[in-house]
Amino acid sequence: MRVIITKDYDEMSVWAANYVAKRIIDFNPTEEHPFVLGCPTGSSPLGLYQHLVELNKRGIVSFRNVVTFNMDEYVGLDVKHPESYHSFMWTNFFGHIDIKPENVHILDGNAPDLMAECEHYEQMIAEAGGVDLFMGGVGPDGHIAFNEPGSSLSSRTRIKTLTTNTIQANCRFFDNDVNLVPKQALTVGVGTVMDAREVLILCNGPKKARAMHHMIETGVNHMWTSSMLQMHRRALVVCDEEACDELKISTYQYFKDKQRIEGSIEEYINLYK
Ligand code: GLP
């Protein structure tokens, strides 16, 4: 697992956006062979999306031949609700870039048959040739997408009931009223994320420090579902200093030494200046 420790949220966002843009550019996607990008929601990726929009507007990266699959969506929330993940994605990202609407895939949390919707989603990912790069965040309890503690580490897209912890964490988007937060969601599984050819996780702020510790320093454990990324051949965690508060000094120092020697911070921060 690669861990990139940036100084703050802004640096994390620029680093990750430039990294993703370079991946897409180097792939040289065409209509016949598009780049398949997995997309998260939440506050963590907002800055990354803003920078990708900027790079798109400057003509540096195009999304014309990019196909996307979102990680999750609430069950029973109208797609037009401002906090639906459909709204989030169009408001914060898709609505500002040159992506073709038909290339965007987001689970339908209002589908008449939710299980069939999940199976169809997996099928569409497979038909697209799999995900080239799955971007993601983590919940304070270390969940990835909506794979709550105790989720199978080989799970596929399905319905999940949200934990009280997640409902409380997400109630800030629903007038701070836990009763307004949907109690279930459709989510890609841990196994679905693991199948991606590369995974990039954003982890920032002191509230994520415990999750960061379990994701990278303790063993693979279904109570911290993002820890499964330790088994991925190409997992990259881009975090900020505050998210490192619970790491061992030796772990922290190693990743800092590594990025100093490899010059990996400057390499991506300065890429499209
Ligand atoms: C939700 C989403 C996750 C996201 C997490 C963290 O639970 N399903 O995909 O990673 O929130 O959100 P934030 O980035 O706002 O902290």
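**View A. Lining of the largest pocket in the predicted model.** By residue class, the lining of the largest pocket in this predicted model comprises 10 nonpolar, 10 polar and four charged residues. The space in this pocket comes to about 540 Å³, and among the 24 residues that line the pocket, Val138, Gly139, Asn170, Arg172 and Lys208 are the closest to its centre. Helix 5, which covers residues 164-170, gives the most to the lining of the largest pocket, with three residues.

**View B. The largest cavity and its lining.** A search of the whole structure for cavities of 30 Å³ or more finds one, and the space in the largest cavity is about 40 Å³. Its lining is made up of Arg2, Val3, Ile4, Phe255, Lys258, Gln259, Glu262 and Ser264, which divide by class into three nonpolar, two polar and three charged residues. Strand 1 (2-6) and helix 8 (249-262) each supply at least two residues of this lining, and the largest share, four residues, comes from helix 8.

View C. Seven strands, paired in the parallel sense, form an open sheet in the order 1-10-9-6-2-3-5. Strand 1 and strand 5 (104-105) stand at the edges, and each has a single partner strand, so one side of each is left without a neighbour in the sheet. At the edge formed by strand 1, the pairing with strand 10 (residues 235-240) is parallel and runs over five bridges. Within this part of the sheet, Val3 stands opposite Val237 in strand 10, and Val3 also belongs to the lining of the largest cavity.

View D. Three strands with antiparallel pairing form an open sheet in the order 4-8-7. Strand 4 (72-74) and strand 7 (158-161) are the edge strands, each of them pairing on one side only, and neighbouring strands of this sheet are turned against each other by 30° on average, with direction ignored. Strand 7 and strand 8 (residues 184-187) run antiparallel and are joined by four bridges, and the bridge partner of Thr161 in strand 8 is Gln184.

**View E. Helix 4 and the strands that it lies across.** Helix 4, residues 114-127, lies across strand 3 (66-70) and strand 5, and the helix runs at about 155° to strand 3. Helix 4 also lies across strand 7 and strand 8, where it runs at about 120° to strand 7.

Technical notes: Residues are numbered from 1 along each chain as its sequence is written. This is a predicted model: local features need pLDDT of at least 70, side-chain atom pairs count only at pLDDT 80 or more; totals for chains, interfaces and linings use all residues. Side-chain values use heavy atoms; hydrogens and water are left out. On a 1 Å grid over the protein atoms alone, a cavity is a set of points where a 1.4 Å probe fits but cannot get out, and a pocket is an open set with protein on both sides within 12 Å along at least five of seven lines; lining residues have an atom within 4 Å of a point. Grid points are joined across faces, edges and corners, and a volume is the space filled by probe spheres set on the points. Ala, Val, Leu, Ile, Met, Phe, Trp, Tyr, Cys and Pro count as nonpolar, Asp, Glu, Lys and Arg as charged, and the others, Gly among them, as polar. Two strands pair if DSSP finds at least two bridges between them. Contact means heavy atoms within 4.5 Å. Axes are lines fitted to C-alpha atoms, for helices over the stretch in contact, and angles run from 0 to 180 degrees between N-to-C directions.
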